Structure formats: C-alpha cells, structure tokens
Amino acid sequence: MIHVRIRKQFPPRPDAAAFSLDVEFKASCGVTVLFGPSGAGKTLTLDCIAGFTAPDAGRIMLDDEILFDAQAGVCLPPQARRCGYVFQNYALFPHMTLRQNLAFAIQRKPRLERHRRVNEMIERFRLTDVAGRKPHELSGGQKQRCSIARALIGSPRLLLLDEPARGLDAPLRAELYELLRQVQAEFQTPILLVTHDLDESFELGEEMLIMRSGRVVQSGSPKAIADRPASVEVARLLGIFNLLPVEIVQLNPQENSSRLRLGEFDLTGPYFPGHMLGDRVWLCVRPDALTVSARDGSPGANQIPAQLQRVVEMPHSVRLEFSGGIRVEVPPSQFEAQKHNREWVISFPQEGLRVL
Amino acid sequence: MQIDWFPLWLSLRVAGIATLLSLLLGLWLAYLLANRKFRGKEILNSSVTLPLVLPPTVLGYYLLVLLGRESPLGQLYEWVFGTPLVFTWQAAVVAAMLHATPLVVISARAALESVDHCYERAARNLGASEWRVFWRVSLPLARRSILAVMVLAFARSLGDFGITIMIAGNIPNRTQTVAVAIYDAVEAGNGDVARMLVLVISVLAVSILYVANRLLARQPA
C-alpha cells in the first residue's frame with residue numbers, strides 16, 4: 001500500500017513554462033496505472049516515489065514506513081526505499097553481463113545465496129541462454145525481461161514501471177502484459193505503471209489515475225472511467241468519445257427526459273441532474289454506441305442525417321467518419337450490408353447519452 | 001656525442017608518479033564538482049583551474065612558500081621523511097602534479113557528467129552506496145575518457161618546466177628533468193644534446209597524443 005500526497009513547483013525557465021505537480025492518491029495491491037499525456041507529471045511522480053527527486057511538500061508512505069515527509073524533514077535516499085524501478089530505456093548497465101546486472105542488485109547478500117537467487121531469476125525470466133551476454137547483445141524483449149528481473153530480485157515492496165511497452169512491437173507487448181500478470185500473481189508486489197496508451201491501461205490496470213498538467217483529474221477502474229468520464233478533459237484524454245457541442249433545450253425531471261439541440265436537430269436523452277435549461281454542454285457518446293442506416297424519408301426520433309466523409313476499415317470494426325466530426329464504429333458485417341447507402345442517418349441511443 | 005640519458009629516465013619516473021597522484025586527486029575533485037552540491041563549489045572550480053592560467057613561475061613561487069623548509073608543511077615533510085622536500089626529485093613530482101591536475105579535473109568532470117544519469121539512478125535504486133555507484137557504474141562507463149585523461153596527464157607531467165625549475169631546481173643527476181636539461185644544454189651551447197632530447201621528447205609526445213585521440217575517438221555508443 002502506497003500513499004502519496006506531494007507538491008512540487010518548477011518556476012518558469014527560458015526553455016520551459018512553469019509546472020507544478022500536486023497529486024494525492026493511494027494504491028494497494030494490484031496494478032495501478034498512471035495514465036496521461038506527455039508532460040502530465042507521471043514520470044516525475046515515479047521519480048519522487050523512488051527518491052530521485054525531492055518534492056517541496058507533502059508525504060509519501062509505503063506500507064507503514066515514511067519515505068518522505070516534508071514537515072518532519074524525512075527524505076530517505078533511493079537506496080533505502082526498496083522500490084523496484086523499471087526504466088523507460090531499461091538502464092541495464094552496459095558494461096556488465098546480464099548475470100552481473102542481476103547480482104549487482106543483491107550485492108549485500110552472502111555469495112551462495114546471491115548465486116542461487118540470480119540463477120532462480122534467470123530461469124524464471126527465461127534468460128538462461130543469454131545470461132553471459134551484455135545488454136547490447138540482447139533483443140528488446142530480453143532486455144525488458146532482464147530489467148524487470150533486476151528490479152524484482154531484491155524483493156521490493158513496490159514496483160515502478162515507466163512506459164514499459166514503449167518501443168516494443170505488438171507480439172512483444174502481449175508477452176510483456178502476460179509476464180506482468182504472472183509477476184503480479186507470483187510476487188504480490190503492488191505495481192505502479194506509467195503509460196499514455198489506453199489499451200495498456202485496460203490490459204493491466206485494476207485502478208487507473210488520469211493525470212493532466214500535474215494533477216490527478218479522475219481515478220477509478222479503467223472500465224468505470226471509460227463509462228463515466230468525469231469531465232470533458234478526461235473524455236478528450238481518453239480519446240475514445242464523440243464530443244459534440246449541444247444546447248439543452250428542455251429538461252423534464254418527472255419523465256426523466258431532456259431534449260438536446262445539435263445543430264438544427266433535436267435529440268431526446270435522459271434527465272441530466274445538475275444542468276440548467278439553455279446550458280451549452282458537450283454530448284459525450286462512444287462511437288460504438290451509435291448506429292447508422294440508410295436515410296428513408298425524414299429522419300425519425302433521435303436520428304440525424306449526415307454525410308459520410310471517410311471510411312477506415314480496422315481489424316475488428318469499421319470506423320465511419322461523418323460530417324460534423326461524428327465517428328461511428330460498426331462491425332464489418334454491418335458495414336458490408338450498408339456500404340451502398342446513398343444518404344445516411346445516425347441514430348443516437350436515448351439511454352446512453354451523457355453530457356459533460 | 002656524449003648524451004646523458006638521466007634526465008629522460010627521471011622525467012619518465014616523475015611523470016609516471018605524478019600521473020597516478022594527479023589522477024587520484026583529480027578524480028576526487030572531479031567527482032565532487034560533478035555530483036555534489038556544496039557551498040564554495042564555484043570557488044573550488046575556479047581555484048582548480050587557476051594553475052592553467054597563472055605563469056609557472058608564480059605557481060613555483062607559491063609552492064616554494066608553501067613547501068619550503070621554513071613553512072609548516074615543509075617542516076612536516078622533513079619530520080616525516082627526514083629530508084627537506086624542495087630541490088629533490090620528489091619536488092619535481094609535486095610540480096608535475098600541479099601542472100597536470102587541472103587538466104585531469106576538467107576532463108574527468110566532463111567525462112563523469114557525460115555518463116547517462118539513468119545508470120546512476122538505477123544503481124542507487126538497486127541499493128548501491130554512492131561509493132559503489134562511483135566505482136562500479138560511473139567510472140567504468142567513463143573508462144575510455146578517463147584513460148585518455150590519464151594519458152594526457154602523463155604528457156603534461158612530462159612537459160613541465162617552469163614550476164619544476166622553481167621548486168626542484170636544476171641539479172644534474174638529481175633533479176634535472178628533460179625540459180630543464182634541454183634548457184641547460186642550449187644555454188651551455190650543447191646543440192647536439194639539445195636536438196637529441198628535443199627529438200626524443202617530441203616523438204614521445206606525438207605518440208601519446210595519438211593514443212589519447214584513439215581512445216577518445218572510439219567511444220562506444
């Protein structure tokens with residue numbers, strides 16, 4: 001269990017704008033993902049936990065130990081924190097063999113035990129054949145496994161991973177995810193993982209913290225966040241929604257309904273508590289929640305006509321991009337049946353509509 | 001032509017010892033300047049590079065005052081080793097060291113600072129003490145540059161004239177290094193001896209620089 005509550009200010013510099021990190025979160029067993037765009041302060045947060053950077057204020061607790069406390073003047077050196085760190089570029093010592101890299105991490109242990117532990121990890125991470133090689137002679141996947149093994153060999157209380165899948169191709173990514181799940185099951189070490197890849201967050205994360213400009217803007221399970229983004233900001237960061245500007249023209253709490261004006265068309269949605277008549281808001285709807293059909297006379301309820309501008313055939317679905325920036329995702333079979341439509345209408349579900 | 005080779009051997013010996021000592025001292029200072037934050041860091045930085053710009057005679061004068069028989073340090077040396085330091089070949093070592101150390105500090109600092117920080121962070125993260133981080137990670141990763149620095153330090157130690165003549169003097173067969181011997185030979189009109197020594201020392205210097213450049217050029221990625 002790690003509890004972080006830290007602040008750090010960076011004054012503006014000629015080459016960089018001012019930046020302030022101000023985050024608070026708890027993470028227990030399992031994988032917690034720090035998700036956000038570049039420059040959101042994700043790696044900086046990891047560096048503060050590992051002790052490479054000292055925050056200005058706040059406190060970091062790992063299990064029952066205080067790693068950092070500005071008020072009490074506690075700031076343990078990185079050596080004493082026992083947080084395994086898997087660096088973005090692996091940071092395997094280039095002048096040491098893989099075996100020496102692993103042994104370096106447990107230098108304090110007696111020789112025989114060290115030997116045994118190193119062999120155990122080499123076997124566990126399928127590195128037996130390359131144990132005597134230096135990092136530049138290893139493949140990307142081997143380096144990745146070695147850096148995880150090195151971070152784990154000293155039995156850390158927390159494992160920090162900084163964009164571990166960066167630069168790996170799809171099969172290696174899949175392998176890495178599988179490995180991390182096994183590591184999670186076997187070593188029971190809580191994992192804090194930094195990424196800006198949404199699929200990765202869903203693949204691994206039990207908890208997810210969305211970061212932007214040095215703040216945590218939403219936290220929860222990846223599914224819950226994707227279902228209910230808390231703000232337009234979050235919805236934009238996730239990048240999986242249609243965000244359409246609408247005006248609320250009718251609100252009816254008794255019947256749990258509302259009317260939204262999108263351009264010249266009206267949509268019917270559920271009642272939106274907390275919003276007022278006349279509010280200009282963002283309609284947030286997933287591309288796969290929309291359906292399309294051929295235009296047949298005037299559009300029906302919750303249907304709006306639109307011009308098809310682009311078709312992207314993806315491996316598992318087809319993305320249709322319409323005028324007005326509306327994206328719709330349909331299964332390939334559905335697209336096949338409709339690809340000769342001259343004019344299209346998009347149907348919005350009444351229930352799945354959310355405004356932000 | 002009768003050439004006395006003693007100055008050459010003395011120079012090589014003095015330069016060898018001075019290289020080792022200036023490497024030790026220089027690495028320590030370079031480490032402090034590259035890794036630590038402390039008060040007076042800039043003052044230390046400037047005073048370390050001072051010997052590069054001061055006239056050698058001024059440096060020699062400082063050393064004479066600092067290590068002479070009347071000074072506390074000189075007396076301490078005399079008490080420990082039983083003989084005074086000034087005007088011995090050991091004084092030539094001190095002179096060569098003073099000549100070479102600034103170069104070592106500047107180059108070694110650059111070499112240490114060019115080591116990617118992530119390796120040092122990784123080492124600390126894995127529980128290595130600062131001492132271990134330096135000896136097992138920073139230094140090996142900078143080893144080629146440090147070796148080049150060592151070679152250059154040797155060349156520079158070999159070439160000192162001004163400081164040596166001030167503090168070690170020009171005593172044939174005792175403190176006369178090559179640089180001093182050449183000066184002596186020219187003064188005495190021994191053109192052949194001077195030419196020979198100049199030739200030898202030039203060839204030596206060129207070879208040393210060649211080795212140093214090779215070391216620096218083949219820097220692995």
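# A Guided Reading of a Two-Chain Model

Chain A contains 9 helices and 22 strands. Helices here are DSSP runs of H or I with at least four residues, strands are runs of E with at least two, and both are numbered from the N terminus. This is a predicted model, in which local features need pLDDT of at least 70 and side-chain atom pairs count only at pLDDT 80 or more, while totals for chains, interfaces and linings use all residues. Residues are numbered from 1 along each chain as its sequence is written, and chains are lettered from A and ligands numbered from 1 in the order in which they are written.

The C-alpha trace of chain A spans about 80 × 50 × 45 Å along its principal axes. Of its 356 residues, 37% count as buried. A residue is buried if 20 or more other C-beta atoms lie within 10 Å of its own, exposed if 12 or fewer, and partly exposed in between, with C-beta atoms placed from the backbone. Two residues are in contact if their C-beta atoms, again placed from the backbone, lie within 7 Å. Among the contacts in chain A with a separation of 6 or more, 62% are between residues 24 or more positions apart.

Chain B has 11 helices and 0 strands. Its C-alpha atoms fill a box of roughly 65 × 45 × 30 Å, taken along the principal axes. Of the 221 residues of chain B, 40% count as buried. Of the contacts in chain B between residues at least 6 apart in sequence, 73% join residues at least 24 apart.

We turn next to a pair of helices in chain A. Two packed helices are described by the angle between their axes and the distance between the axes. The axes of helix α4 (residues 140–152) of chain A and helix α5 (residues 170–187) of chain A come within 11 Å and cross at roughly 20°. Such axes are lines fitted to C-alpha atoms, for helices over the stretch in contact, and angles run from 0 to 180 degrees between N-to-C directions. The crossing angle therefore makes α4(A) roughly parallel to α5(A), a description used for angles under 35 degrees, whereas those over 145 count as roughly antiparallel, 65 to 115 as roughly perpendicular and the rest as oblique. On the side of α4(A), the residues in contact include Ile148(A) and Leu152(A), and on the side of α5(A) they include Leu176(A), Leu179(A) and Val183(A). By class, this contact has 7 nonpolar, 3 polar and 2 charged residues. In this classification Ala, Val, Leu, Ile, Met, Phe, Trp, Tyr, Cys and Pro are nonpolar, Asp, Glu, Lys and Arg are charged, and the others, Gly among them, are polar.

Strands β18, β19 and β20 of chain A form an open sheet of 3 strands in the order β18-β19-β20, with antiparallel pairing. Two strands pair if DSSP finds at least two bridges between them. Because β18 (308–313) and β20 (326–330) of chain A stand at the edges with a single partner strand each, one side of each is left without a neighbour in the sheet. On average, neighbouring strands of this sheet are turned by 20° against each other, direction ignored. The antiparallel strands β18(A) and β19 (residues 318–322) of chain A are joined by 5 bridges, and Val311(A) stands opposite Leu320(A) in β19(A).

Elsewhere in chain A, 6 bridges join strand β12 (residues 242–252) to strand β15 (residues 280–285), and the two run antiparallel. Leu244(A) stands opposite Leu283(A) in β15(A). A further 2 bridges join β15(A) to the antiparallel strand β22 (residues 354–355) of chain A, where Arg354(A) is the bridge partner of Cys284(A).

Helix α6 (residues 117–125) of chain B is largely enclosed by the rest of the structure, because 7 of its 9 residues are buried. Among them are Tyr119(B), Glu120(B) and Arg121(B). The buried residues of α6(B) pack against α1 (42–50) and β7 (83–86) of chain A, together with α7 (130–141) of chain B. Just after α6(B), Gly127(B) takes a positive phi of about 95°.

Two residues other than glycine also deserve attention. Arg126(A) has a positive phi of about 50° although it is not a glycine, and Arg126(A) lies in the loop between α3 (111–124) and α4 of chain A. Asn173(B), in the loop between α9 (162–167) and α10 (178–188) of chain B, has a positive phi near 65°. Asn173(B) counts as exposed because it has 9 C-beta neighbours inside 10 Å.
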